[in-house]
Amino acid sequence: MTVSSLLQAKSFTADDSSVVAGSPAWLGHAPVFNPAQVLVQSSEPTYFGGLAASGAADHVAATPSSEQTGTNTSVSGRMTDVRKALIAMAMGLRDIRYVRGGHDPATGFDCSGFVRYVFAHAIGMQLPTNSASQFLSGLKVNRADMKPGDLVFFHTRGKGGISHVGIYISNGNFIHSPASGQTVQISSLDDAYWAKHFAGAKRPAMELAMVTHNG
């Protein structure tokens, strides 16, 4: 039976091996990372202490100086390191079993417990405790603009609300702790089951900005 058909046959109770072809070459090769040195920019708004700057659109000059260009390049590099650290941590937790309410590799993970563990131990960021709260706290990201480390959410119990979450890798793939009887694994957003239940993607940039500011 294929993974796709197995996923569709399962009753998903979430929340509440090898790298797939086409994944970035840096998976599993993330550098040692100090979250206190991270500055949030990339495609997110500029934040100060977790609050969006009202004039963020005007903070870049039409013809940036060499100093500004160097700073932006440095920020972009640090954001890349953040994403590398998140994915490397997540990939290292593959094959750990699903346990409802689980939040530790020693005992197992549910979907939100897995995501929280990865963010806390990779970059020191504390996310909300369940997938619905994680969805509400993030910044909306269009599917075409998703980057490694963004969170992907699903309605696995109908349209009643968010009930599952995973971490986006790249090329339409994400890593998650799916359901009872399964383990942390990589799936595709193009799989029939996940495509049907996809609810959107979020980027927890505000929490990341607060970690940076308080560091």
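In which sense do β8 and β9 pair, and over how many bridges? The two strands pair in the antiparallel sense over three bridges. The legends below concern a predicted model, in which local features need pLDDT of at least 70 and side-chain atom pairs count only at pLDDT 80 or more, whereas totals for chains, interfaces and linings use all residues. Residues are numbered from 1 along each chain as its sequence is written, and side-chain values use heavy atoms, with hydrogens and water left out.

**View 1. Overview of the protein.** The protein contains six helices and 11 strands; these are DSSP runs, numbered from the N terminus, with helices being H or I of at least four residues and strands E of at least two. Of its 215 residues, 44% count as buried, a term that means under 20% relative accessible area, with exposed meaning over 50% and partly exposed lying in between (1.4 Å probe, protein chains only).

**View 2. The open sheet of six strands.** The strand order is β5-β11-β6-β8-β9-β10, with antiparallel pairing; two strands pair if DSSP finds at least two bridges between them. At the edges stand β5 (139-141) and β10 (185-188), each of which pairs on one side only. From one strand to the next, the twist averages 40° (axes are lines fitted to C-alpha atoms, for helices over the stretch in contact, and angles run from 0 to 180 degrees between N-to-C directions). β5 is joined by three bridges to the antiparallel strand β11 (residues 198-203), where Lys202 is the bridge partner of Lys140.

**View 3. Strand β8 and its partners.** Seven of the seven residues of β8 (residues 164-170) are buried. Strand β6 (residues 151-154) pairs with β8 over four bridges in the antiparallel sense, and Leu151 stands opposite Ile167. With β9, β8 forms a hairpin that has two residues between the strands; in the turn, Asn171 has a positive phi of about 50°. Tyr168 stands opposite Phe174 in β9.

**View 4. Surroundings of His176.** His176 belongs to strand β9 (residues 173-176) and is buried, with a relative accessible area of 0%. Its side chain makes a polar contact with the side chain of Ser187 (2.7 Å); such a contact is a pair of N or O atoms within 3.5 Å, and within protein one must be able to donate a hydrogen and the other to accept it, while residues adjacent in sequence count only if both atoms are side-chain atoms. Leaving aside neighbours within four places in sequence, the residues in contact with His176 include Phe114, His164, Thr183 and Trp194, where contact means heavy atoms within 4.5 Å.

**View 5. Helix α3 across the sheet.** Helix α3 (residues 111-123) lies across β6, β8 and β9 and runs at about 50° to β8. Because 10 of its 13 residues are buried, α3 is largely enclosed by the rest of the structure. Among the buried residues are Phe114, Tyr117, Val118 and Phe119. Gly124, with a positive phi near 75°, follows α3.

View 6. Met89 lies in helix α2 (residues 66-91) and is partly exposed, with a relative accessible area of 24%. Leaving aside neighbours within four places in sequence, Met89 is in contact with Tyr117, Val118, His121 and Ala122. The C-alpha atoms of Met89 and Phe119, 30 residues apart along the chain, are separated by 8.5 Å.
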